Amino acid sequence: MRREFLKLVVLNCVLAARNAIGQPPTPPLEGTREPKLKLRTTLSVELITSPTTALEAQRWGAVFQKLNVEVRTKSAQQAKPEVRENRQGSVRAVTIIAILEPNGVLIVPGRRFSADRDQALADWLIELRTYGAQGRPEGKPAYGLSKIQFDELFRLLEMSVSKSSTGLPFDEALAVVSVNRGLSMRLTAEAADQVRKLPRDWKLQAELKGMSRGTSLAIFLSNAGLAFRPGRTPEGELELVVVPLGEAGVWPVGWPLEKAPLKVTPKLVEVLPLEIEEAALPDVFARAAKECEVPVLVDGWRIAARGVDLAEAKFSLLPKRTMWSIVLHNATSPHHLVREVLVDEAGKPFVWISTDDPKRLNERAKQREVLIERQSDK
């Protein structure tokens, strides 16, 4: 089954295929779609000049001619550098508005080129021919997506999981938590190799029913040593790229609270009499989830990599008045674990038990900034 899954996702295709031992075709999975036809991209440059840049304009005209890019000179007093895009059918026309300074430097959005750096310019033009006006998505804020694209993605990831996920093998769990509606999913070669290395009896131990698909997908993948990041295909379509766990710039497991825990998870911070007698940590988590009416989910892959066996880790609490939030902290901290109270993309709270990785924890501040910016733009 996993072999067929890899064929489906890596090739980004919904056609089922028979595996080497003749098993039935794997059914199409949610989150996969047939790739659309490639766009044909044309490039042109509007070179904004002045009376003092005539000689430099001729020099740049020769550079663009060598790079096979149409260039037109234009005189304008208040022009600003930008890259425009216009689509008609399968043709994408990209127009670069470039300002030519008297010293011969070419100003384009976010970049400056001199005539002797034609290779750097050529590389940038290749990027525009491939990805259009938005350029390559990697390494850019908001995953290289426009606000419209990011909001569309967030709405898709807000959708809730409608079926039970616990105890399912990899392929079946993926089908339950994946995002439908034509959002493609692609594995990198390293992620595909990670999937092949999973034990044949691997099963998802987390119950994600009722949670948003973005957080559910992140939790499911993290328990298989994977993560995902949103992306944009050269044709401008949204996609999800599955990568090994630990890569930078991946979609987070949950988001920081915007309100005080008392407003979001009141039973988690309610003071009440509690007693726990030599219980394994999974039992402590299950009891907390039931009594606080909030999911308590575990970062199984990272915790196992830390060398912590949750089933063997015990916790006791003498009778006292306390709150479950403190109990979970006291139960996890001796094992260098942390409990975070987070919300999913739809605003549903949950508790996430993970390792105390400072780099990962510091990313929460950035995620809070993303939410604040998104709220302010509405």
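**Entry 1: the sheet β11-β14-β13**

I looked up an open sheet of 3 strands in this predicted model. Its strands follow the order β11-β14-β13, and the pairing is mixed. I noted β11 (296–298) and β13 (337–343) as the edge strands, each of which pairs on one side only. From one strand to the next, the twist averages 30 degrees.

I then took the two pairings in turn. As I reminded myself, strands of a sheet pair through backbone hydrogen bonds, in either a parallel or an antiparallel sense. β11 pairs with strand β14 (residues 349–355) in the parallel sense, over 3 bridges. In this pairing I found Val 298 opposite Ile 353 of β14, and Leu 297 opposite Trp 352 of β14.

β13 and β14, by contrast, pair in the antiparallel sense, over 7 bridges. Here I recorded Val 351 in β14 as the bridge partner of Val 341. How many residues lie between β13 and β14 in their hairpin? I counted 5 residues between the two strands. In the turn, Gly 347 has a positive phi of about 90 degrees.

**Entry 2**

I next considered α11 together with another helix. Two packed helices are described by the angle between their axes and by the distance between the axes. For helix α9 (residues 281–292) and helix α11 (residues 324–332), I noted that the axes come within 11 Å and cross at roughly 165 degrees. Angles over 145 degrees count as roughly antiparallel, which makes α9 roughly antiparallel to α11. The crossing of α9 past α11 is left-handed.

I listed the residues that make the contact. From α9 these are Leu 281, Val 284, Phe 285, Arg 287, Ala 288, Glu 291 and Cys 292. From α11 they are Trp 324, Val 327, Leu 328, Ala 331 and Thr 332. Sorted by class, the contact of α9 with α11 has 9 nonpolar, 1 polar and 2 charged residues.

**Entry 3: the sheet β7-β9-β8**

I turned to another open sheet, in which 3 strands stand in the order β7-β9-β8 with mixed pairing. I found β7 (184–187) and β8 (226–232) at the edges. Each has a single partner strand, so one side of each is left without a neighbour in the sheet. Direction ignored, neighbouring strands of this sheet are turned by 30 degrees against each other on average.

β8 and strand β9 (residues 238–244) run antiparallel and are joined by 7 bridges. Which residue of β9 stands opposite Phe 228? I identified Val 242. I also noted helix α4 (residues 147–158), which packs on the sheet and touches β8 and β9. The direction of α4 makes about 70 degrees with that of β9.

**Entry 4: Asn 103**

Finally, I located Asn 103 in the loop between β4 (91–100) and β5 (106–108). Its relative accessible area is 53%.

Notes: Residues numbered from 1 in each chain as written. Predicted model: local features only at pLDDT ≥ 70, side-chain atom pairs only at ≥ 80, totals over all residues. Heavy atoms only, no water. Axes fitted to C-alpha atoms, helices over the stretch in contact; angles between N-to-C directions. Helix = DSSP H or I, 4+ residues; strand = E, 2+ residues; numbered from the N terminus. Parallel < 35°, antiparallel > 145°, perpendicular 65-115°, else oblique. Left-handed = near helix turned anticlockwise from the far one by under 90°. Contact = heavy atoms within 4.5 Å. Nonpolar A, V, L, I, M, F, W, Y, C, P; charged D, E, K, R; others polar. Pairing = 2+ DSSP bridges. Buried < 20%, exposed > 50% of the residue type's maximum accessible area, 1.4 Å probe, protein only.
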